[in-house]
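Please look over the sequence and the structure shown here before reading on.

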Amino acid sequence: MLSALPASDPFLGNPFSALDGGFTPWDCPDFSSAFNTVTSSSGSDVPNNQTHAEEDKKPGSDRVVMDERKRRRMISNRESARRSRMRKQRHLENLRNQVNLFRIENRELNNGLQFLLHHCNRLRTENDWLRSERTMLYQKLSNITQILVFQQLQPPFSSSAWPCNIVTAE
């Protein structure tokens, strides 16, 4: 198809028209050295032609290496995310178990509290009854004591002094 186009066609012209001034990237040593270095995975800059001689023979080898690194990083990130989700799931399950244990403990404590409150109310009622009985018994004792004191202060009576003890002779 390209051979069918005439040489004067504008599409076949120089694609680097900005470099028509006679300057090429290979003329400047600083500019060309930027294309000859590759950063290794350790972070050090190593010239491409020294350590990757066999990779230079393969077209696109840098891209393959970068794609492989990207793929490994993506797999590593997925595994890390999976482990993180599993950790989070275990943590949530532990929290749910703790909540259930706390609910059971809370229920048992509430039952114990209700029992103690009921027992306390029963003892309070019994205590009130005993106080009232003590007051009543104390009042009876006081009445009996007054009667005894009154009898001791009275002169002795003869049995004939009582009208119900008088017997008539018939």
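## Charged pairs along a helix

Arg131 is partly exposed, with a relative accessible area of 47%, where partly exposed is the range between buried (under 20% relative accessible area) and exposed (over 50%), using a 1.4 Å probe and protein chains only. Its partner Asp128 is partly exposed as well, at 44%, and the two side chains meet in a salt bridge with an N to O distance of 3.6 Å. The term salt bridge stands here for a side-chain nitrogen of Lys or Arg within 4 Å of a carboxyl oxygen of Asp or Glu. Side chains of opposite charge can pair when their charged atoms come close. Because Arg131 and Asp128 are three residues apart in helix α4, they are separated by about one helical turn.

This is a predicted model, in which local features need pLDDT of at least 70 and side-chain atom pairs count only at pLDDT 80 or more, while totals for chains, interfaces and linings use all residues. Residues are numbered from 1 along each chain as its sequence is written, and side-chain values use heavy atoms, with hydrogens and water left out.

| Pair | N to O distance | Relative accessible area |
|---|---|---|
| Arg71 and Glu68 | 2.6 Å | Arg71 40%, Glu68 30% |
| Arg82 and Glu79 | 3.0 Å | Arg82 38%, Glu79 34% |

Which residues are linked with Arg71 in a network of salt bridges? Glu68 and Arg72 join Arg71 in that network.

## The chain as a whole

The protein chain has four helices and two strands, where helices (H or I, at least four residues) and strands (E, at least two) are DSSP runs, numbered from the N terminus. From the N terminus on, these elements follow the order α-β-β-α-α-α. Of the 170 residues of the protein chain, 4% count as buried. The chain exposes about 16,000 Å², and carbon and sulfur atoms supply 59% of this area, which comes from the Shrake-Rupley method with a 1.4 Å probe.

## Confidence in the model

The average pLDDT of the protein chain is 77, and 56% of the residues score at least 70; pLDDT is the predictor's confidence in each residue, from 0 to 100. Among the elements of the chain, helix α4 has the highest mean pLDDT, 96, whereas strand β1 (residues 37-39) has the lowest, 48. Over residues 31-40 pLDDT stays under 50, and the model has 17 contacts for them beyond four places in sequence, a contact meaning heavy atoms within 4.5 Å. Over residues 46-50 pLDDT likewise stays under 50, with 13 contacts beyond four places in sequence.
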